[in-house]
Amino acid sequence: MVNLSLDFAPLTSWWLLALVCLPAVALVAWALLSRTRGAVLRAGAAAALALAVANPVVNEEERAPLKTVVPLIVDRSQSQKLGERPETTETALETLKSRIARFPQFEVREVDAGTSDNGSAQTETRLFEALAATIRDVPPSRIGGAIMITDGQVHDVPSGGDTGLPPNVPLHVLTTGRSDEFDRKIEFTQAPRFSITGQPVSMTYQVTDSGTKGSAPVTVQVFLNGDLVATDSAVPGVETPLQLKLDHAGANIIELAVNELPGELTTSNNRAVAQMQGIRENLRVLLVSGEPHSGERTWRNLLKSDASVDLVHFTILRPPEKQDGTPINELSLIAFPTRELFVEKIEDFDLIIFDRYQYRNVLPTLYYDYIAEYVRNGGALLVAAGPEYAGENSIANTPLVNALPATPTGIITSKGYFPRISPEGKRHPVTRDLEGGQSEPPHWGRWFRAINVETPKGTVAMVGPDEQPLLVLNRFGEGRVGMILSDQGWLWARGFEGGGPHVGLYRRMAHWLMKEPELEEEALTAATDGQTLTIKRQTMSDTTGPARLKSPSGVETEVPLQDNGNGIFSARVETDEVGLYQIAQGDFTTLAHAGPVDAPEFRSMISTMDVLAPVARASGGSIRRLLDASQSLTVPGILPVRANAGAAGHNWLGLRTTEETELLGVKSYSLFSGFLGLALLLLALAGTWMREGR
């Protein structure tokens with residue numbers, strides 16, 4: 001394209017040229033008015049001289065037309081993966097690109113929106129944000145229109161109909177999905193973040209049927225940490241109350257599942273999840289010390305230092321060998337409430353500790369049966385054994401022996417030794433990573449007494465002299481029993497030979513006995529940090545199989561677990577979907593939620609034109625479905641249109657063309673330069689001279 005234009009490049013400044021020309025113009029005007037002979041020739045000569053000084057220039061510009069930019073925003077959000085929407089999107093995208101490519105004046109800028117930089121799903125669909133970023137470097141006059149391919153569920157629609165495009169630039173929306181879609185979803189409307197374990201927590205939820213009229217009550221299953229705990233009934237559209245009790249402290253996942261509506265759009269939102277932290281009320285611990293000794297204060301100080309522990313402590317001060325005929329009911333200022341503690345309120349205690357306790361007729365024999373039954377029904381018992389456990393008055397000689405994990409041989413080993421973590425203990429959560437226990441010898445102080453036992457049950461987590469069991473942990477019925485076969489732990493508390501991790505060891509034992517999930521020997525857990533899913537499998541076995549991962553959209557994959565060498569197998573997975581992930585490994589299952597629990601992307605997933613119709617029409621554009629009434633795909637044609645023409649028709653989209661050009665080069669030609677200018681000037685002067693000569 002070549003454009004010609006006239007310009008001036010004066011040989012002197014304009015003001016000096018005007019100063020010289022004004023007198024000449026005055027003289028020429030006077031001559032013309034007075035009809036002086038030769039006035040016209042004089043005027044021509046003056047004009048030629050002025051033009052020569054003004055130096056008129058003809059510019060020849062070579063220009064190339066600029067292309068009109070057309071942003072093509074493609075919705076890649078998670079809701080766009082439902083049903084036939086992916087195929088519809090891809091077909092429409094390729095068809096549009098091929099049709100626009102027939103017009104060389106258009107430049108298409110394709111942008112995928114709805115996913116993050118690493119390809120993972122976002123919690124919101126922000127198409128207008130992507131549109132603004134696409135045209136940020138484009139002059140408004142070069143934008144011919146924008147096209148969006150989406151299901152209509154967009155969460156950043158600007159208010160007031162402002163699309164972010166220049167005025168009179170159309171926005172065309174092509175909507176995926178069908179017009180007759182319907183869906184069922186369930187969501188929590190009220191769910192606290194914290195609750196006290198064992199106490200009812202009130203929540204509300206709601207089932208919503210979209211795209212249908214009238215629904216009968218539906219069945220809702222309630223899961224707590226993957227276990228079905230209740231079945232409820234709810235009326236769609238009505239908030240339904242729910243009460244639940246958390247069974248353990250720490251993280252809890254409450255899941256609601258509603259039955260599928262036949263033919264509904266997706267079942268991914270037929271589940272709702274609430275994450276809740278369980279807070280245990282003050283732990284009730286009964287500590288019974290058989291006699292005063294150096295380690296008694298260690299137990300008491302440890303339990304009293306924890307504000308969450310309600311401690312009931314009794315110490316039997318009278319040694320059994322003292323026989324003076326004093327009745328038992330007169331041996332203390334306050335009578336030992338044996339019946340109240342071990343019969344009436346035994347179920348109220350979370351943990352019972354026998355510290356160097358021996359059978360001395362303080363407790364009736366029947367009460368040991370009650371204690372064993374308490375453990376069998378889910379209670380926790382810890383026995384800190386001393387020399388009396390190997391004697392005639394050992395509690396192993398009572399009905400409690402059924403619950404004890406080891407029976408004494410009657411032998412007491414008295415020599416210095418380092419308590420060591422056993423091979424099993426290196427994989428057990430109670431002793432796995434005790435500070436100082438990984439070196440040889442262990443980096444802690446020695447003990448000097450151990451009670452020998454035989455046929456231990458359960459897990460021998462620590463060993464003493466000659467590899468004899470030192471710490472035994474066992475399950476009995478629904479409850480748990482722990483046994484420390486030495487009364488020398490107080491040496492660590494006193495700092496003897498550097499001390500040792502008595503606080504960590506004792507607390508872990510207590511928490512394991514009270515079934516803290518973090519200390520389970522066999523467990524499968526999962527946690528998310530953003531879109532990163534971490535899977536951990538704790539096991540006492542040397543090997544374990546891969547985990548099975550099910551995404552919110554129902555895609556199942558196998559995830560190999562890497563051995564960390566300490567009983568933990570783990571894997572990290574970068575997820576690309578927001579929602580609830582189900583993880584299974586062997587007989588264990590767990591849940592983890594990636595992204596926000598109440599993500600806008602899942603509030604409504606039915607295809608709609610209502611959200612974008614106002615802004616599309618306000619811009620002069622159009623909105624239509626890609627699937628017609630017969631469910632056949634129809635992609636509109638593309639037509640270039642002028643600035644003031646309509647931008648949409650029955651089966652076509654209009655894109656405005658720009659008249660912007662790019663300057664490639666300029667050539668300038670001076671009209672009064674060289675011989676041409678000199679000849680014109682001489683001709684004008686000669687004509688004047690000839691007229692004067694007559």
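Modeller: A salt bridge here is a side-chain nitrogen of Lys or Arg within 4 Å of a carboxyl oxygen of Asp or Glu. With that rule, a search of the whole structure, which is a predicted model, finds 30 salt bridges.

Colleague: What makes R376 and E373 a salt bridge?

Modeller: Their side chains meet at 2.7 Å, N to O, and the cut-off is 4 Å, so the pair qualifies. R376 and E373 are 3 residues apart in helix α7 (residues 365-376), and therefore about one helical turn separates them.

Colleague: Which parts of the chain does the salt bridge between E497 and R446 link?

Modeller: The closest N and O atoms of E497 and R446 are 2.7 Å apart. This pair links distant parts of the chain, with E497 in the loop between α8 and α9 (502-513) and R446 in the loop between β20 and β21, 51 residues apart.

Colleague: Why is the ring pair of W444 and W492 called tilted?

Modeller: The ring centres of W444 and W492 are 5.0 Å apart, and rings pair if their centres lie within 6.5 Å. Their planes stand at 45°, whereas stacked needs under 30 degrees and edge-to-face over 60, so this pair is tilted. Because W444 lies in the loop between β20 (420-421) and β21 (450-454) and W492 in helix α8 (residues 490-493), the pair ties together parts that are 48 residues apart in sequence.

Colleague: How do you know whether W444 and W492 are buried or exposed?

Modeller: Buried means under 20% relative accessible area; W444 is at 4% and W492 at 3%, so both count as buried.

Colleague: What makes R480 a charge over the face of W512?

Modeller: R480 lies over that face at 4.8 Å from the ring centre, where the distance limit is 6 Å.

Definitions and conventions: Residues numbered from 1 in each chain as written. Predicted model: local features only at pLDDT ≥ 70, side-chain atom pairs only at ≥ 80, totals over all residues. Heavy atoms only, no water. Phe/Tyr/Trp six-rings, centres within 6.5 Å; stacked < 30°, edge-to-face > 60°. Helix = DSSP H or I, 4+ residues; strand = E, 2+ residues; numbered from the N terminus. Buried < 20%, exposed > 50% of the residue type's maximum accessible area, 1.4 Å probe, protein only. Lys NZ or Arg CZ within 6 Å of the ring centre and 35° of its normal.
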